[in-house]
Amino acid sequence: MADNFNTHVECAPEDTWLWQYNTSVCFNDGENATLTWRVTLNPGESYLNAKINQVDTVGGISRVMYTKTGPDSAFSHRTMGLSVVTDSSGSRPVVSMIFTLANLSSTVDGFGAFYLRCDLNTLPDGTFDGRDTLLQVQDKPENTSLEANSSSGCVGDVILLNCSAAGKPNNISYTLYRNGTEFASQMHGQIVLPLNTSDVTIFTCVPSNEAGDGYNKSITVSVKEPPKITGFTPPQTVVEGSNFTIRCNVSGTAPLKIAVSHPNGSVLTNSGIYTFSPITRRDVGTYTCTVNNGNECSNDTNTTSITVNYKPENTTLIPNEHIGCVRDVVSLNCSALANPDNINYTLYRNDTALASNMNGKFVVSLNASGLSIFKCVPSNEVGDGENKSGFFTVKDPPRITSFTSPQIEVEGSDVTMRCIASGTAPLRVAIFHPNGSVLTNTGSYTFSPITRRDGGTYTCTVNNGNECPAYTRTTSITVIYKPEKTSLTRLESSYCLGTSVYFNCTARGEPDDVHYSLFVNKTLLIEKSNGVFNLTLNTLGTHEYTCVPNNTAGIGQKNTFSIDVQEKIEFVNISAPMVKRGVPFTLECTTNVVRPVSITWYKNSEWFSSNRSLIFSGSLNDTGSYSCLAESACNTKQSERVNITVTC
């Protein structure tokens with residue numbers, strides 16, 4: 001019988017029952033149980049009746065198990081008994097009720113599923129009271145299970161063991177053994193265990209509770225030594241075409257699977273050793289060795305690299321063909337492929353080294369005409385690589401060695417112009433007229449004759465292709481000619497004696513510094529450079545004026561006109577004779593001017609006649625006031641009035 005009883009003694013006043021009993025009891029499955037309830041009654045009371053009830057701990061349903069007459073019919077299959085002992089020796093009687101229940105079953109009686117209640121009834125007044133004792137039937141652990149998160153593992157892994165069992169009470173302790181040696185004990189049954197050595201290990205779990213040790217359980221776990229790469233060929237630099245061997249050494253629990261992979265992803269070998277015979281640049285890159293011995297342990301991986309060096313190749317020289325000009329500067333770019341790519345480039349001209357550098361870029365001055373062969377030789381630490389050549393044709397630039405100097409020529413003469421050039425043939429020489437047209441492509445041209453339209457700037461251009469810049473020079477021809485289109489203008493159409501007049505003589509010539517000579521009646525009067533003449537007219541009559549222009553080309557076209565110099569009218573008089581009736585008479589209008597332009601007579605202030613002389617018959621009608629108006633090119637003058645009276 002288990003010893004986990006909970007004894008309870010109640011303290012009460014003198015007039016109240018005093019109970020002494022176990023509030024709970026524990027027994028192992030199959031044991032016989034004896035329970036005692038001791039009650040101290042009040043003075044004068046005595047035992048009348050007692051019974052034992054089974055009460056559900058959940059729900060409180062009560063069932064009669066046993067009375068003084070024996071078991072209830074519902075429990076007739078159980079072996080039980082109840083004895084009652086009364087002790088009346090004291091001041092207060094003590095009743096002890098002893099209940100026995102044989103062959104306890106954890107399945108039937110449960111573990112804490114029922115209370116055993118003792119009810120007591122006394123005389124003389126039939127007082128009734130009862131107390132409960134919790135019945136707990138213990139059972140050893142059974143249905144033991146031991147599981148691992150894996151049946152195999154790897155040194156360094158952590159394995160999880162989970163041991164479980166069913167028992168009453170369920171406060172089960174789990175003890176674990178490894179290959180028969182205890183190594184852990186705990187209440188939850190879960191063990192986290194590092195796997196430190198490779199081997200086959202038997203793990204055993206023994207569960208136990210207050211009822212004792214339960215059923216044990218064992219499992220087997222295989223532990224592997226992890227695969228490990230102990231050596232892998234270190235990074236290497238090899239020359240293309242040589243033989244090279246790569247090795248990968250490994251350790252760990254057999255069987256071991258080794259794979260050495262090429263940089264392109266293919267597997268070179270599964271033996272851990274491979275020989276390149278020979279090695280090529282396609283074999284450059286990172287190599288991977290992988291070893292494994294199953295899914296339990298992680299693969300071990302290591303890498304190495306192979307660098308394959310080779311001489312420069314695929315050399316290019318840009319440009320590789322060129323036609324240039326002396327004093328041109330040409331950029332050459334040489335490139336090649338190699339490993340290592342720290343390539344040194346050496347440039348040769350006609351087999352003479354010019355320059356060497358690491359970038360392959362060269363700036364070369366073409367300082368001599370003819371054919372130049374440039375060659376680029378690349379090299380690295382493996383050796384000289386493939387060279388490349390370029391062919392350059394260099395021209396002498398075109399040049400004008402002589403061009404007719406600036407000339408001044410007279411219109412109508414013959415003039416020859418020449419442009420002489422040098423440079424690499426063929427030379428194209430062109431002489432351009434000032435109007436933009438090409439005079440000649442031979443370098444020589446004769447004007448026969450030259451005209452003023454040929455004056456201006458002439459350009460000679462020579463070139464020998466697009467490689468060299470064209471050469472250009474200029475000269476000029478000034479074509480001079482005598483003055484022409486001479487014009488002699490005057491401001492008035494008639495002129496008076498003693499007045500000042502202006503003549504303007506103009507002409508066009510080349511050069512345009514024209515000088516003007518003024519002749520009067522073929523006698524030189526004056527020479528001037530601006531052609532403007534201011535004269536005073538001192539002589540009456542008609543005079544011929546001639547302007548003759550000239551420049552360095554000679555005397556040009558002349559221009560002549562005539563002017564009539566007249567006298568001003570100073571006075572106008574009318575001769576007035578004695579007039580008689582019937583006697584004819586004449587009125588004369590006289591002036592100091594011999595040639596008046598016109599005479600106009602007015603009678604009584606009205607126009608009368610335009611005759612120079614008036615002849616009258618002497619009639620009375622001739623009587624009136626007469627005046628005459630004389631008009632010339634110089635001025636107008638009117639006479640005084642003359643009164644004519646015809647008398648009898």
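Which strand holds Thr590? Thr590 is found in strand 52, residues 585–591. The views below start there. This is a predicted model, in which local features need pLDDT of at least 70, side-chain atom pairs count only at pLDDT 80 or more, and totals for chains, interfaces and linings use all residues. Residues are numbered from 1 along each chain as its sequence is written, and side-chain values use heavy atoms, with hydrogens and water left out.

View 1. Strands (E, at least two residues) are DSSP runs, numbered from the N terminus. At 35% relative accessibility, Thr590 counts as partly exposed. The classes are buried, under 20% relative accessible area, exposed, over 50%, and partly exposed in between (1.4 Å probe, protein chains only). Thr590 touches Phe571, Val572 and Asn573, leaving out residues up to four places away in sequence. Contact means heavy atoms within 4.5 Å. Gly324 is 266 residues from Thr590 in sequence. Their C-alpha atoms are 102 Å apart in space.

**View 2. The interface of domain 4 and domain 5.** The protein chain is divided into domain 1 (7–139), domain 2 (149–224), domain 3 (399–481), domain 4 (490–566) and domain 5 (572–644). These bounds come from an automatic or database domain assignment. The centres of domain 4 and domain 5, taken over C-alpha atoms, are separated by 41 Å. Six residues of domain 4 and five residues of domain 5 make the contact. Together the two domains bury about 380 Å², with 54% of it on carbon and sulfur atoms. Buried area is the accessible area (1.4 Å probe) that two parts lose on being put together, summed over both. Across this interface the rule finds zero salt bridges. One residue pair is in polar contact, both residues at pLDDT 80 or more. On the side of domain 4 that touches domain 5, strand 43 (495–496) and strand 50 (559–566) each give two or more residues. Strand 50 supplies the largest share of that side, three residues.

**View 3. Leu537 in a loop.** Leu537 sits between strand 47 (532–536) and strand 48 (541–551). Its relative accessible area is 2%, so Leu537 is buried. Leaving aside neighbours within four places in sequence, its contacts are Tyr495, Cys496, Leu497, Gly498, Thr499, Val501, Tyr545, Ile563 and Val565. Trp19 lies 518 residues away along the chain, and 183 Å separate the two C-alpha atoms.

**View 4. The largest nonpolar core.** This core has 27 residues. Trp19, Trp37, Met97 and Phe99 have the most contacts inside it. Strand 2 (18–28), strand 3 (33–40), strand 4 (46–56), strand 5 (62–67), strand 7 (80–87), strand 8 (94–101), strand 9 (111–123) and strand 10 (128–148) each give two or more residues to this core. A nonpolar core is a set of buried Ala, Val, Leu, Ile, Met, Phe, Trp, Tyr and Cys residues joined through side-chain atoms within 4.5 Å. In soluble globular proteins, nonpolar side chains tend to be buried together.

**View 5. Arg452 with Glu411 and Glu484.** The structure holds 11 salt bridges. A salt bridge is a side-chain nitrogen of Lys or Arg within 4 Å of a carboxyl oxygen of Asp or Glu. Glu411 pairs with Arg452, the closest N and O atoms being 3.0 Å apart. Glu411 lies in the loop between strand 36 (407–410) and strand 37 (415–422), and Arg452 in the loop between strand 40 (444–447) and strand 41 (456–463), so the pair ties together parts 41 residues apart in sequence. Glu411 is partly exposed at 28% relative accessible area, and Arg452 is partly exposed at 30%. Glu484 also forms a salt bridge with Arg452, with the closest N and O atoms 2.5 Å apart. Glu484 belongs to strand 42 (residues 471–490), so this pair joins parts that are 32 residues apart in sequence. Glu484 is partly exposed, at 23% relative accessibility.

**View 6. Glu296 with Lys224.** The closest N and O atoms of this salt bridge are 2.9 Å apart. Glu296 is in the loop between strand 25 (285–292) and strand 26 (300–318), while Lys224 is in strand 18 (residues 217–224), 72 residues apart. Glu296 counts as partly exposed, at 24% relative accessibility.

**View 7. Thr315 in strand 26.** Thr315 counts as buried, at 4% relative accessibility. Its side chain reaches the backbone oxygen of Glu386 at 2.4 Å. Such a polar contact is a pair of N or O atoms within 3.5 Å; within protein, one must be able to donate a hydrogen and the other to accept it, and residues adjacent in sequence count only if both atoms are side-chain atoms. Among the residues that Thr315 touches are Cys334, Ser335 and Pro378.

Technical notes
Helices (H or I, at least four residues) and strands (E, at least two) are DSSP runs, numbered from the N terminus.
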